[in-house]
Amino acid sequence: MIRTRGLTKDFPVSRTETVHAVRGIDLDVAPGELVAVLGPNGAGKTTTIRLLTTLIRPTAGTAEVAGHDVVAAPEKVRRSIGYVGQGNGAGHQQRVRDELTTQGAIYGLDRRSAARRADDLLDALDLTELARRKVADLSGGQRRRLDVALGLVHAPGLLFLDEPSTGLDPHNRANLWEHVARLRAEHAMTIVLTTHYLDEADQMAERVVVVDHGQVIADDTPAALKRDLAGDRVTVRVPDVRDAATVAALVERVPGAREVTVRGTEVAARVADGAAGVPGLVRAAVDAGVLLAAAESVTPTLDDVFLALTGRSLRESAAAAEPLTTDGTTSSDVRVAGKDAA
C-alpha cells in the first residue's frame with residue numbers, strides 16, 4: 001500500500017537557511033497493516049504524512065501510495081486514501097449529515113448513494129442521533145468521529161490518522177478507537193497512525209516506526225522493540241548494603257543483563273526476560289547466603305524504547321506539545337498550511 005525510497009522534504013526559510021524536515025525515509029506498508037509512526041514534535045511525522053497524502057510535494061525521493069506515484073498521479077492517490085488531519089475537517093455551521101453527503105458528492109457519488117453512505121457511517125460511528133445537529137454544537141469526541149466518517153465516505157483501502165485522539169479525554173479516546181478497530185476489521189483497511197499516546201500505539205499497531213530528525217531510527221513490532229531495545233527492568237533490594245555488590249554480580253549473570261546499577265541497598269538492571277530471570281536470581285542469592293528483601297520485574301514501555309534510542313523521553317515531548325487553537329489545529333499547523341497554500 002505504501003512504498004517510499006529516499007523520501008525527502010526541505011523547507012527553505014531564508015536564502016541561507018533550510019529546514020530538513022524529512023531526510024531520506026524508506027518505508028513499506030503492506031495491505032491490512034496498522035502502522036504507528038512515533039516521534040517527538042518536529043521529528044518529521046506530520047510532514048511525512050502530508051507527503052504521502054499529496055498535500056505537499058517531496059524535494060527528492062519517490063513515494064507510491066495505493067499503487068500510484070504521489071507526484072505523477074496525485075488525484076489517483078487522493079481517490080484511494082482517507083485522511084484525518086490534526087484539525088477538524090467539517091464546516092462548523094454545517095449539519096453533520098449534510099457534510100457527509102456533500103463529501104460523497106465530491107467523490108462522485110449520486111445523491112441516493114451519498115445519502116445511503118452517510119447513513120451507514122452515521123450508524124457505524126454512533127452519530128445517527130446527531131445527524132441534524134450543527135458541527136459547532138458537537139463535543140470534541142463527536143467531532144473526531146465525524147472526521148473519521150468524512151475520511152471514509154469513499155470507502156478507501158488506506159486511511160491516514162494524524163494524531164486523531166489528541167485533546168480527547170480517556171473515555172472519548174477509547175470510544176474513538178473502538179469504532180476505528182471495528183471498521184478496520186469489517187473492511188480490511190490499512191491504517192497509518194501518528195500519535196503521542198504510546199498506549200495507543202502499543203495496543204493498536206502491528207508495527208511501530210520511530211522517526212527522529214526526519215529519519216527512521218527503528219521499525220518493528222512493539223513487542224520486539226521493547227524486548228530488543230529496552231528490555232525488562234529488574235529491581236532487587238537487599239536488607240544490608242554490604243550484600244549489594246554480591247547481588248549485582250549475580251544480576252550480571254541473568255541472560256541479557258545490561259545497565260547494572262547499585263544505589264545503596266538497591267540493584268537494578270535491564271534484562272531480556274525479567275519474568276524468567278527473577279526466580280533464578282532469587283535462588284542464586286539464597287545459594288550465596290543472601291536473603292533478598294524484594295525483587296520485581298517491570299515490562300518496558302515504548303517510551304523506554306524511545307529513551308534507549310535517543311536519550312530523550314517521548315512523553316516529555318508530548319507534554320510540551322503546542323496547545324490547540326479553537327478549531328482543533330496547532331499554531332504550527334496554521335503556519336505550514338499557510339505556506340502550502342501560498
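Student: Which residues does Q142 touch, leaving aside residues up to four places away in sequence?
Tutor: In this predicted model, Q142 touches L127, L130 and R133. Q142 itself is found in helix 5.

Student: Why is Q142 called buried?
Tutor: The term buried requires a relative accessible area under 20%. Q142 has 18% relative accessibility, and therefore counts as buried.

Student: What makes the approach of the Q142 side chain to the backbone nitrogen of S139 a polar contact?
Tutor: The side chain of Q142 reaches that nitrogen of S139 at 2.8 Å. The limit for such a pair of N or O atoms is 3.5 Å, so the distance meets it.

Student: Why does Q93 count as exposed?
Tutor: Exposed means over 50% relative accessible area. The value for Q93 is 53%, so Q93 counts as exposed. Its place is in the loop between strand 6 (81–84) and helix 3 (96–106).

Student: Which residues does Q93 touch beyond four places in sequence?
Tutor: Q93 touches K134 and A136.

Student: What makes the phi of T54 worth noting?
Tutor: Phi of T54 is near 70°, a positive value in a residue other than glycine. T54 lies in the loop between helix 1 (45–52) and strand 4 (60–65). With a relative accessible area of 9%, under the 20% cut-off, T54 is therefore buried.

Student: Is A66 buried or partly exposed?
Tutor: A66 has 23% relative accessibility, so it counts as partly exposed. A66 also has a positive phi, of about 55°, although it is not a glycine. A66 lies in the loop between strand 4 and strand 5 (68–69).

Student: How do you know that D212 is buried?
Tutor: The relative accessible area of D212 is 8%, and the limit is 20%, so D212 is buried. D212 is found in strand 9. Leaving out residues up to four places away in sequence, D212 touches P40, A43, I217, T310 and R312.

Student: Which residues line the largest cavity?
Tutor: The lining consists of I25, L27, V37, T48, V209, V211 and V216. Strand 2 (18–29) and strand 9 (207–212) each supply at least two residues of the lining. The lining divides into six nonpolar, one polar and no charged residues.

Student: How many cavities of 30 Å³ or more are counted?
Tutor: The count comes to one. The volume of the largest cavity is about 40 Å³.

Student: Which members of the largest nonpolar core touch the most other members?
Tutor: Of its 45 residues, these are L100, L146, V148, L161 and V208. Helix 5 (residues 140–152) gives the largest share of this core, five residues. Apart from it lies another core, of 25 residues, including I25, I49, L52 and V70.

Student: Why might nonpolar side chains be found buried together?
Tutor: In soluble globular proteins, nonpolar side chains tend to be buried together.

Student: What describes the chain as a whole?
Tutor: The chain has 13 helices and 14 strands. Buried residues make up 45% of its 342 residues. Of the contacts with a separation of 6 or more, 68% come from residues 24 or more positions apart. The C-alpha atoms fill a box of roughly 80 × 55 × 35 Å along the principal axes.

How values were computed
Residues are numbered from 1 along each chain as its sequence is written. Side-chain values use heavy atoms; hydrogens and water are left out. On a 1 Å grid over the protein atoms alone, a cavity is a set of points where a 1.4 Å probe fits but cannot get out, and a pocket is an open set with protein on both sides within 12 Å along at least five of seven lines; lining residues have an atom within 4 Å of a point. Grid points are joined across faces, edges and corners, and a volume is the space filled by probe spheres set on the points. Helices (H or I, at least four residues) and strands (E, at least two) are DSSP runs, numbered from the N terminus. Ala, Val, Leu, Ile, Met, Phe, Trp, Tyr, Cys and Pro count as nonpolar, Asp, Glu, Lys and Arg as charged, and the others, Gly among them, as polar. A nonpolar core is a set of buried Ala, Val, Leu, Ile, Met, Phe, Trp, Tyr and Cys residues joined through side-chain atoms within 4.5 Å. Buried means under 20% relative accessible area, exposed over 50%, partly exposed in between (1.4 Å probe, protein chains only). A polar contact is a pair of N or O atoms within 3.5 Å; within protein, one must be able to donate a hydrogen and the other to accept it, and residues adjacent in sequence count only if both atoms are side-chain atoms. Contact means heavy atoms within 4.5 Å.
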